[in-house]
Amino acid sequence: MIVHNKFDWRLVLRFSLKNILFSLSITAIAVILHFVLGFGSLQMPIAIIATLGTALAIMLGFRNGSAYERWWEARKIWGGIVNDSRTFTRQVLSMVNINQETSSDSTKLKTVQEDLIFTHISFVYALKFQLRENTKEEDWEDKVNKDLNPETRELITSKSNKATQLLIQQGLKLKKCRDEGFIDEIRQINIDNTLTRLSDCQGKSERIKHTPFPKAYEIFNRILLNLFILFLPFSLLPIFSEIKAWWLVFPVSVMVSWVFYGIHQMGILMAKPFENFRWDVPLDAICNTIEIDLHQAMESNKAPEKLQPNEDGILM
Amino acid sequence: MIVHNKFDWRLVLRFSLKNILFSLSITAIAVILHFVLGFGSLQMPIAIIATLGTALAIMLGFRNGSAYERWWEARKIWGGIVNDSRTFTRQVLSMVNINQETSSDSTKLKTVQEDLIFTHISFVYALKFQLRENTKEEDWEDKVNKDLNPETRELITSKSNKATQLLIQQGLKLKKCRDEGFIDEIRQINIDNTLTRLSDCQGKSERIKHTPFPKAYEIFNRILLNLFILFLPFSLLPIFSEIKAWWLVFPVSVMVSWVFYGIHQMGILMAKPFENFRWDVPLDAICNTIEIDLHQAMESNKAPEKLQPNEDGILM
Amino acid sequence: MIVHNKFDWRLVLRFSLKNILFSLSITAIAVILHFVLGFGSLQMPIAIIATLGTALAIMLGFRNGSAYERWWEARKIWGGIVNDSRTFTRQVLSMVNINQETSSDSTKLKTVQEDLIFTHISFVYALKFQLRENTKEEDWEDKVNKDLNPETRELITSKSNKATQLLIQQGLKLKKCRDEGFIDEIRQINIDNTLTRLSDCQGKSERIKHTPFPKAYEIFNRILLNLFILFLPFSLLPIFSEIKAWWLVFPVSVMVSWVFYGIHQMGILMAKPFENFRWDVPLDAICNTIEIDLHQAMESNKAPEKLQPNEDGILM
Amino acid sequence: MIVHNKFDWRLVLRFSLKNILFSLSITAIAVILHFVLGFGSLQMPIAIIATLGTALAIMLGFRNGSAYERWWEARKIWGGIVNDSRTFTRQVLSMVNINQETSSDSTKLKTVQEDLIFTHISFVYALKFQLRENTKEEDWEDKVNKDLNPETRELITSKSNKATQLLIQQGLKLKKCRDEGFIDEIRQINIDNTLTRLSDCQGKSERIKHTPFPKAYEIFNRILLNLFILFLPFSLLPIFSEIKAWWLVFPVSVMVSWVFYGIHQMGILMAKPFENFRWDVPLDAICNTIEIDLHQAMESNKAPEKLQPNEDGILM
Amino acid sequence: MIVHNKFDWRLVLRFSLKNILFSLSITAIAVILHFVLGFGSLQMPIAIIATLGTALAIMLGFRNGSAYERWWEARKIWGGIVNDSRTFTRQVLSMVNINQETSSDSTKLKTVQEDLIFTHISFVYALKFQLRENTKEEDWEDKVNKDLNPETRELITSKSNKATQLLIQQGLKLKKCRDEGFIDEIRQINIDNTLTRLSDCQGKSERIKHTPFPKAYEIFNRILLNLFILFLPFSLLPIFSEIKAWWLVFPVSVMVSWVFYGIHQMGILMAKPFENFRWDVPLDAICNTIEIDLHQAMESNKAPEKLQPNEDGILM
């Protein structure tokens, strides 16, 4: 996510170089046909350009609206993970409890509560790594495995979707709490409902990650855009040439083409919120927030530092 | 669902051949009227074309927006089935339980849990086959019936909506668990709520499948599109003919007509997400994901292989 | 709901005859003014037409988007009734139960379960008849009253909103089950929540039925449309007359007017989904589906036949 | 809410008189500048009008879309109050109960149930009066205070938000039921959840009532509209004057200005659904429906008459 | 939030001065090139302006639609906090209770209830101060700390997110109520669900606060706007100059540019609802409403005065 309003020209150029070259070539061809090969009267009616431009703007408007919705939905899902992480912690602290009749002592209780909350932090990081396709062993070791108890760690080792299996383990941990008298069935169910919501958030993130925006939309927008870029210089050249300023066709064609291309490209990137790209939903920052809040709630002093945007104003 | 960005020209041609021929014929008629029959001054004002083109783009923009919403809703519903499948499994494993006072032994418990989870996998496949209208007996045998216990299998045989009846059987299985002391009423209700959400997902899929996008929308968009295609060459020909490049009317009319037609056609197909078409919501892949996750949660080693996109980049 | 893609010209003509005549008259007046009365130079600037046409298309686009939302919401509500009917049945079959300590025998249980489910079917049909304003006594007798037990039938006789009172009776029936030991309070509440959702669906249907789409929208769209139809021939005639093809103003004006009128009219009809019109949400088919599913779940053999679209491809 | 499709010209004129005079004056100034002061060649390019008109249509389209959403949301909220009123009544009748062990007699039970339901009707009317800013003492006396028991009446007297305090009293009444053995805690919570939903509906109505649609939107739409009205006659006059029909500038300018103004004004009014205006959500009719349904459910014969639209086709 | 419809010209000027100067400079350059440097025939085709203007209007329409959604979502979230504050209070008053068997006396009960409700008011103000980035110690002392009991105050002192930790403390207070017999587990869970919804509202506010509207949208809208402003005078000047009214290019360019700029700028500000700006969601007024309602529900006489809009018609 871009936090500061810096506009990085080099980045923009790198992303749109191909388009600018394409637009320049078309314009050059138009100029050559006009002056060199003598097709001087060749002309595209400007109303066609207006119609195509309007159609293109409408299509891009709808597409970018949907792309923004996807991005914002992804952000909402991770906002939901923040909320349910706090709720899960509040519920563990206030509902997993010493039942005076059966339990042994409060040290054991603290261990049980911390195991549940640490496993939750591992779940959040595991989900982040899965979405970002990060398979670096040191990251997994540092953030996911470190605070898991050995048993849980063992159990998820060979599983393909580790986040899913961690949530299932949380369910079994609560069952064990029930068996050992730390919780009654009615509160078990209440915390289980929080696990259900977390499971929903996981599934929704995976849906957005694994279901690309319909390719057909991209393709037809692309074709419409290219048709517009193709016709534009043929339509402008006769007009500029008449007022003896034919060279104006270059900056005007390229600028107009470029701004439509940029709007098109922006929508494509916005529709992919979990790709390690600078417009990503800031999973690093969100996981960091969760970790700080949960450590402080446990009165633990091992909370990490708050993550800051990097020097480019990017928060990942 | 198309995963890779390959653009298949043959497919596109097959889908739009009729439209291209229609557009070519209209243009040819315009040319014949103009040059052969001497209606040289016949002309459609270009502003009419601009108005119709803009109106068409607006209508298609709204329609395709709604079509995308349908498709995305279908995808969300099946994402919900993934989530609730995981939740159902977590709840069965952590809440269907040996109640020390009444039950016999843990082997029986494992049988009961596996029966519930296997029946769930059968439900998911039955729903997929019903939506895709797949009635091949070997598919049903292989995916739905194989792991059902004989009693359940018998019961659903003659029913018209097998997925619905499987969910009702799940309710009765939970009641039996309650009678045999594997679960208490409060947890029975909690798992029953998961069945309710699954029933909702089923009903929502069926709603999208059986309720076509209003035909009247299709028809009026079609008429508007045809009017645009019909008027276009009559509007362009005089202009191109004046600059002595009348032949340009062919490529320009056809290309412009084709791109609008393509946008129209795309919306029609996008609004039908369960039709065995390449833009379908990828039910095969989703069912496969559910099967893998559930087998791994049961610590079973019979999980199937992960499904990959085929050579055309299609995941069904 | 229209299932097949047949396009019925007579129907379309009947609906748009008034508009076609209006458009023809305006065009005739324009021609008379032009040629007969000698206002040959009278002309409406085509840019005004383009502006009005674009504004009209935008307004119709938004209005029809909202109309489709209404129609789709109505369809979703009745989809919800399907889902909650199945859920209600599953819950009645698996939760209304012989409590070994207090109840007498399983015949009584079956009677109680069937009474609840048959009353539910009556509720669904009563709601349909109320929405469609069907007051034919034989229909009510055949579908609503036939399977009600005499006591319930008596109670709802004099009530103005029979569907509402049937749901309240269901609540009282569950209370009686509780008093007689067929259900405990926690499951009573669970089934009561299903009744609450059904009550919501009923209220939502009534909201759509009794709240017309804001009249002011219709009126201003209508005025904008008429202004467009009024100005159109005055704008086209000078152009066509210049190219000596003045008669073209008739087909072009009428066709363009007609397509905008059709889009306008379609939105008006789409916004009323419960009017016994051919674009209605298919309540007959939905009620039929519910009846079949519920009978099969009760292992009853009195399930009706599946409803098919009629010869015009309409499913009501 | 307007029920019938009557179009009241006087009303429309009263609302748009200022705009029509503004538009006439601008046109008159244009004519004077043109013919009297000799600025005959003064002309606004028509493309500027087309651009401003399109921009205006787009802005109004979005704004009116949002205004309709607000209105429809308000209608949905009050639909929710209808549904939850029925649900509350069903729950009171079937769950507030004689617990054989502790209670005295069924007369007391009936009093308790009626007190809860009558207090609910008072709540609904209190909310209506607060939203419509009705402070007439006789209305409050007639609809809110009449059926309240004296204790409750006393308690809410000095409170600023009476509807809120009535819901809190309902909570305390349920607590008293619990203390006196008419209800157990699990059903108390179930009915309390219905109170929570009613509290949500109240808060949502107040949000719409007290949060005007952003003023900045109104202002910029207004400026764009005025710019359009200002430029329009200057753009049309030269064209009409050239064809010797300069007087046409009056009807055309005024009609086109008026239709855009009407669309603008309609959106402003639609965004305020609780203002005693004829486009209001019909709170009178909704409250009336609730009162009838609840009286009939209690088998009381004091249900009021059904409210009918007035002679102008308005249902308030 | 702006309550009254006053239009403050100075404010508008201060916000748009830079844009007006930019637009004036471009126009001046166009005039200089035209008359002084003799590029008299230099001309931008007006169709390009129409296309860019339409595209700009579409992009701004979509962007402002989304910005309004954000603002309205923020308002909805705080409406939800109002509702859940009332619900929390109702539940505390009617469900935290003297359990006759274990508790001591009703004075203690009142202390416990007031501690829960006062802590809730502190939570609401803490959230407001965090969103508005208000770190003034006297404000925190006056509104958050004053009514907290010393223990709770101590516990949240060193925490980074005080609102989160206050909700977690509420959970622990409820647990203490349970331990001391003021509440049973089933009602504890019911109130805990209200805390969960409040936690969701907090998280949603933080999401909107900390996730700026995608910068890329701002940037491309800005570029498109500047391109439009840049081309506009070059397109108008030849036309005005031909009718010998070249000076008209100044007011027309500047007015048209300014209105598009204003619409653009409005969207940027609307997308940030928690910035101490005059278009903010009125958190002061909402917190004030909550405080009044809660004090009146507790029958306390320390309710603050109702907040009024200031002399500029602004309610913060």
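**The interface of chain E and chain D**

Let me begin with charge: across the interface of chain E and chain D the rule finds three salt bridges, a salt bridge being a side-chain nitrogen of Lys or Arg within 4 Å of a carboxyl oxygen of Asp or Glu. One of them joins the side chains of D:K159 and E:E299, at 2.9 Å from N to O.

Please keep in mind that this is a predicted model, in which local features need pLDDT of at least 70 and side-chain atom pairs count only at pLDDT 80 or more, while totals for chains, interfaces and linings use all residues. Residues are numbered from 1 along each chain as its sequence is written, chains are lettered from A in the order in which they are written, and side-chain values use heavy atoms, with hydrogens and water left out.

How many residues of chain E are in contact with chain D? Taking contact as heavy atoms within 4.5 Å, 61 residues of chain E meet 60 residues of chain D. The area buried between chain E and chain D, meaning the accessible area (1.4 Å probe) that the two lose on being put together, summed over both, is about 5,400 Å², and carbon and sulfur atoms give 70% of that area. On the side of chain E, E:Y68, E:R86 and E:R90 supply 13% of the area this chain buries against chain D, more than any other three residues.

Finally, not every pair of chains meets: chain A and chain C do not touch, and their nearest C-alpha atoms are 11 Å apart, while no contact joins chain B and chain D, whose closest C-alpha atoms also lie 11 Å apart.
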